[in-house]
Amino acid sequence: MKKFETFTGLVAPLDRANVDTDAIIPKQFLKSIERTGFGPYLFDEWRYLDHGEPGMDCTDRPLNTGFVLNQQRYQGAQILLTRDNFGCGSSREHAPWALLDFGIRALIAPSFADIFFNNCFKNGILPIKLDTVQIDALFRAVEKTPGYQLQVDLENQLIGLPDGISVDFNVDPFRKHCLLNGLDDIGLTLQKATEINNYEELRTQETPWLFTG
């Protein structure tokens, strides 16, 4: 997993609550477990006017021009601003895969569904919880200012606004450590590779009959 570093990114506003994972990445795209290639199908049923299928070339598909991520002013957005309970529904890990593959590195909302929230950290996306007053203010600022950008500083747990003001946010220390160091579950396990190998060698010597045949 890539280390999470401080960045400044364009903000796209998705002004919807209770966005479920089937909306983020519809069920027909769950056949693949490659973790990549899902970006073109992010919010597939909202972005396009036709029905999407795995492997479909999205270049010439008819776009829903009213959907926020299809609007020119939000092209290249790296931060998604949204409402309560983002990522509810099924526990599919494909949802953060699709967001990350699309280019989203941070999410800002009042609340997230628990499993989706955990999956974001495991896949290199930072989900940030702010209170509703702060979220409302950000929505107004994004609407009023084309090209609105925020700086996301995980190390210091700060969001830098264009006017120089910073907003602090909370994050679990262990999850913060994992993101900053690019450690997913596999990376964490590999940190203990020496201990694991030593244990396996000891078990082989103590109970050799378990390792024969």
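Helices here are DSSP runs of H or I with at least four residues, strands are E runs of at least two, and both are numbered from the N terminus.

A word on the model. It is predicted, so local features need pLDDT of at least 70 and side-chain atom pairs count only at pLDDT 80 or more, while totals for chains, interfaces and linings use all residues. Residues are numbered from 1 along each chain as its sequence is written, and side-chain values use heavy atoms, without hydrogens and water.

**Stop 1: helix α6**

Select residues 173–180, which make up α6. Its buried residues are Lys-176, Cys-178, Leu-179 and Leu-180. Buried means under 20% relative accessible area, exposed means over 50%, and partly exposed lies in between (1.4 Å probe, protein chains only). Now go to the start of α6, where a side-chain oxygen of Asp-172 comes within 3.1 Å of the backbone nitrogen of Phe-174.

**Stop 2: Ile-25**

Move to Ile-25, in the loop between α1 (21–24) and α2. Is Ile-25 buried or exposed? Ile-25 counts as buried because its relative accessible area is 0%. Show what it touches: Leu-30, Phe-38, Tyr-41, Arg-92, His-94, Ala-95 and Ala-98, leaving out residues up to four places away in sequence. Contact means heavy atoms within 4.5 Å.

**Stop 3**

Select Asp-60, in the loop between α2 and β2. Asp-60 has 70% relative accessibility, so it counts as exposed. Pick Arg-35 too: the pair is 25 residues apart in sequence and 24 Å apart in space, C-alpha to C-alpha.

Step on to Arg-61, in the loop between α2 (44–47) and β2 (79–81). Arg-61 counts as buried, because its relative accessibility is 6%. Which side chain joins that of Arg-61 in a polar contact of 3.0 Å? That of Asp-50. A polar contact is a pair of N or O atoms within 3.5 Å; within protein, one must be able to donate a hydrogen and the other to accept it, and residues adjacent in sequence count only if both atoms are side-chain atoms. Beyond four places in sequence, the contacts of Arg-61 include Tyr-41, Asp-44, Tyr-48 and His-51.

**Stop 4: the core**

Select Phe-43, Phe-86, Leu-99, Leu-107, Ile-108 and Phe-116, which have the most contacts inside the largest nonpolar core, a set of 61 residues. Helix α5 (residues 132–144) gives the most to this core, with five residues. A nonpolar core is a set of buried Ala, Val, Leu, Ile, Met, Phe, Trp, Tyr and Cys residues joined through side-chain atoms within 4.5 Å. Zoom in on Ile-108: beyond four places in sequence, its contacts include Ile-79, Leu-130, Ile-135 and Ile-159.

**Stop 5: two pockets**

A pocket is an open set of points on a 1 Å grid, over the protein atoms alone, where a 1.4 Å probe fits, with protein on both sides within 12 Å along at least five of seven lines; lining residues have an atom within 4 Å of a point.

Select Met-1, Lys-2, Leu-100, Asn-123 and Gly-124, the residues nearest the centre of the largest pocket among its 14 lining residues. Helix α3 (residues 94–102) gives the most to this lining, with three residues.

Finish at the second largest pocket: its lining includes Arg-47, Cys-58, Arg-61, Tyr-74 and Phe-102.
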